[in-house]
Amino acid sequence: MAGLQALVQRVLRALVWRALHALLCPHRTLISAPRVHPGTWSWIWRLPKPLVNRGTSRSPSPHPHLHPHLHRLQHRDPALAATRPGLRWRADRQTLCKLPVHLTLLITELEPSFSDVASIVVWCVAAGISYISVYDHQGIFKRNNSRLMEEILKRRQELSGLDCSRYSAELEKSNVKDGLVLNCRSAVQVLSPVDGKADVVRAAQDFCQLVAQQQRRATDLNVDVFDGLLRSQGFPDPDLVLKFGSVDSTLGFLPWQIRLAEIISLPSHLNLSYEDFFSALCLYAASEPRLGK
Amino acid sequence: ASQSAGAKRGPAHWGDEGGVSSRAAVTCSSSATSGVVEVGFPRRLRCRVNGETRERGSSVRSRLRATLRASWRSDSKITKVIWLVFCSGVISDIARTMSWIKEGELSLWERFCANIIKAGPVPKHIAFIMDGNRRYAKKCQVERQEGHSQGFNKLAETLRWCLNLGILEVTVYAFSIENFKRSQSEVDGLLDLARQKFSCLMEEQAVSQCRLCPSSSPIREKLKKHGVCIRVLGDLHLLPLDLQEKIAQAVQATKSYNKCFLNVCFAYTSRHEITNAVREMAWGVEQGLLEPSDVSETLLDKCLYSNHSPHPDILIRTSGEVRLSDFLLWQQKARDMYAEERKRHQLERDQVAVTEQLLQEGLQASGDAQLRRTRLHRLSAKREERVQSFLKALELKRADWLALLGTAPA
């Protein structure tokens with residue numbers, strides 16, 4: 001009798017759990033649909049605040065994890081927004097008290113869009129960010145590196161309000177492997193998981209090789225020495241990681257280097273509007289790293 | 001599915017921002033064992049008291065309340081003041097002797113919700129960055145040390161929830177190496193509270209609230225009852241020697257328990273953990289236990305402080321910050337897209353090594369396929385053997401160091 005009761009209770013609990021799951025799933029599908037069919041579902045982005053930003057509309061400051069574009073959900077064509085980009089971006093740049101030195105675009109979505117990523121990179125350059133990385137855990141961008149670089153150059157030429165005619169439009173691969181120096185001020189690189197853990201393992205092997213040859217001792221190794229052994233291509237550690245997609249993980253992105261990076265999540269990089277991007281930069285500007293103190 | 005760091009708001013805990021605290025306090029008599037007192041105390045005490053409303057039905061509590069009411073009715077103002085001071089000392093002492101795992105069953109509604117959650121997938125390992133103690137203390141207008149102490153109490157409650165939900169492994173970020181940059185008084189306060197908490201574990205006479213056992217039971221017995229194994233991860237040699245000894249004793253005392261695991265990261269940063277793992281591998285090479293080519297991602301994993309734990313399923317950071325702050329950077333869970341590629345690279349290197357070997361022996365490099373296969377197999381078997389003996393030696397080295405500390409005279 002007691003066994004039957006326990007069984008009934010277990011079944012009931014499982015049913016309630018499944019019912020809750022079923023309730024949540026349509027909501028999730030609705031929100032995640034833009035990733036799959038950006039064209040047909042783009043009207044979702046125009047929905048009023050409460051549906052898209054559940055539970056956060058009352059918070060005094062926008063929550064960095066959830067949608068940072070709380071206040072301005074306008075669906076705008078990036079090209080349209082950029083008709084007079086030079087003036088606009090200069091003005092916007094001045095309102096930011098703090099800019100990241102190295103910004104990373106971490107794409108967790110399964111099908112990235114080269115043109116959208118290129119637009120975001122160009123906005124970063126316009127905002128005055130010196131180092132930009134693009135990462136996806138499948139290595140799609142790394143394998144199609146040249147295609148991405150061409151898209152970036154094309155995009156930059158389209159949004160010619162940047163006054164980029166002063167700068168060289170050639171692909172410079174001299175000092176940045178799999179990368180591009182867009183102008184004297186900004187450099188772009190493409191990363192994949194091999195640049196993360198695999199690079200740490202390679203550095204460890206190199207050090208152990210030196211120890212085996214008795215050129216170094218094990219006790220010589222400390223955090224700074226090991227940092228020096230890693231390949232950084234001259235890029236500093238990321239200050240800001242813009243994570244696109246619904247996967248709540250950094251998916252193996254540069255584990256050593258992101259110790260102090262702010263990780264701001266955005267729902268999708270597809271058709272990302274300039275306002276949303278700028279809101280993320282504002283959120284970063286408002287952050288206060290205490291560095292343990 | 002894992003959740004992003006910094007997404008969760010919550011009350012203050014001890015950890016990256018916080019820590020542990022101590023206050024010079026009146027040591028009170030043993031009658032003060034429970035914490036809820038609902039009288040008109042100033043706001044700062046009420047803040048602390050509200051955090052302990054979970055304790056219900058204790059007879060000691062009602063006795064304390066009656067005593068306080070009686071004293072309050074006394075005419076003399078001086079008596080009132082003395083009682084206020086005494087009671088504030090009592091309450092702070094209660095807060096400080098709180099156990100590592102808060103006893104007490106969940107309410108009916110909480111049990112109902114917990115059972116529903118347990119019907120679905122439940123993470124096996126959660127990591128907490130307990131942030132915001134000082135901001136909490138500022139909000140409640142209490143001292144920072146009090147914020148840290150409250151943070152520890154909340155940790156105890158959280159551990160209880162995890163146990164109830166069947167989450168058997170919890171890692172907490174208690175004290176970062178970066179926190180040594182704080183003011184000397186704050187660091188001393190944090191380390192003092194750590195001393196107190198680790199000593200609590202070993203004390204036979206330590207008193208704790210336990211609804212299940214009417215008489216007070218030592219914390220050590222409670223840990224035994226729940227089978228909690230406490231591990232402390234970090235560069236412990238950076239801590240004062242007496243604290244190291246207390247930690248070693250606590251770890252030794254609970255190392256045989258295996259029902260659930262609590263990993264406390266103390267004097268820890270992820271970069272130091274990774275560097276230490278590489279240093280250990282270099283030590284292995286120095287001792288002749290390893291070849292440089294044996295170094296791999298799997299071996300590095302096994303040399304970390306957290307080598308006995310699986311990678312966390314969820315990382316929760318309280319207070320709304322969205323950084324990892326050098327916590328468990330290596331232990332991210334991500335589908336390994338490159339495992340096959342790594343195996344292929346390893347096989348290629350082995351092929352090259354076998355070719356060299358055969359050439360050195362004067363044999364045809366591309367000759368007998370059977371011979372090549374045998375040699376390859378022998379190479380990887382030898383490598384496996386080296387790795388296993390190195391890991392055993394490392395384990396022994398760490399255990400010996402802990403045992404030595406643990407048995408040192410206090």
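The model is predicted: local features need pLDDT of at least 70, side-chain atom pairs count only at pLDDT 80 or more, and totals for chains, interfaces and linings use all residues. Residues are numbered from 1 along each chain as its sequence is written, and side-chain values use heavy atoms, with hydrogens and water left out.

**Interface of chains A and B**

Contact (heavy atoms within 4.5 Å) involves 54 residues from chain A and 52 residues from chain B. The buried area, meaning accessible area (1.4 Å probe) lost on putting the two parts together and summed over both, is about 4,700 Å², with 61% from carbon and sulfur atoms. On the chain A side, A:Lys197, A:Arg259 and A:Arg290 lose the most area to chain B, together 15% of what that side buries.

| Item, chain A with chain B | Value |
|---|---|
| Buried area | about 4,700 Å² |
| Salt bridges | six |
| A:Arg259 to B:Asp326, N to O | 3.4 Å |

A salt bridge is a side-chain nitrogen of Lys or Arg within 4 Å of a carboxyl oxygen of Asp or Glu. A:Arg259 and B:Asp326 meet in such a bridge.

**Helices H5 and H6 of chain B**

Helices are DSSP runs (H or I, at least four residues), numbered from the N terminus. The axes, lines fitted to C-alpha atoms over the stretch in contact, of H5(B) (residues 133-140) and H6(B) (residues 144-165) come within 8 Å and cross at roughly 115°. B:Asn133, B:Arg134, B:Tyr136 and B:Ala137 in H5(B) meet residues of H6(B) including B:Arg144 and B:His148.

Methods: Chains lettered and ligands numbered in written order. Axes fitted to C-alpha atoms, helices over the stretch in contact; angles between N-to-C directions. Helix = DSSP H or I, 4+ residues; strand = E, 2+ residues; numbered from the N terminus.
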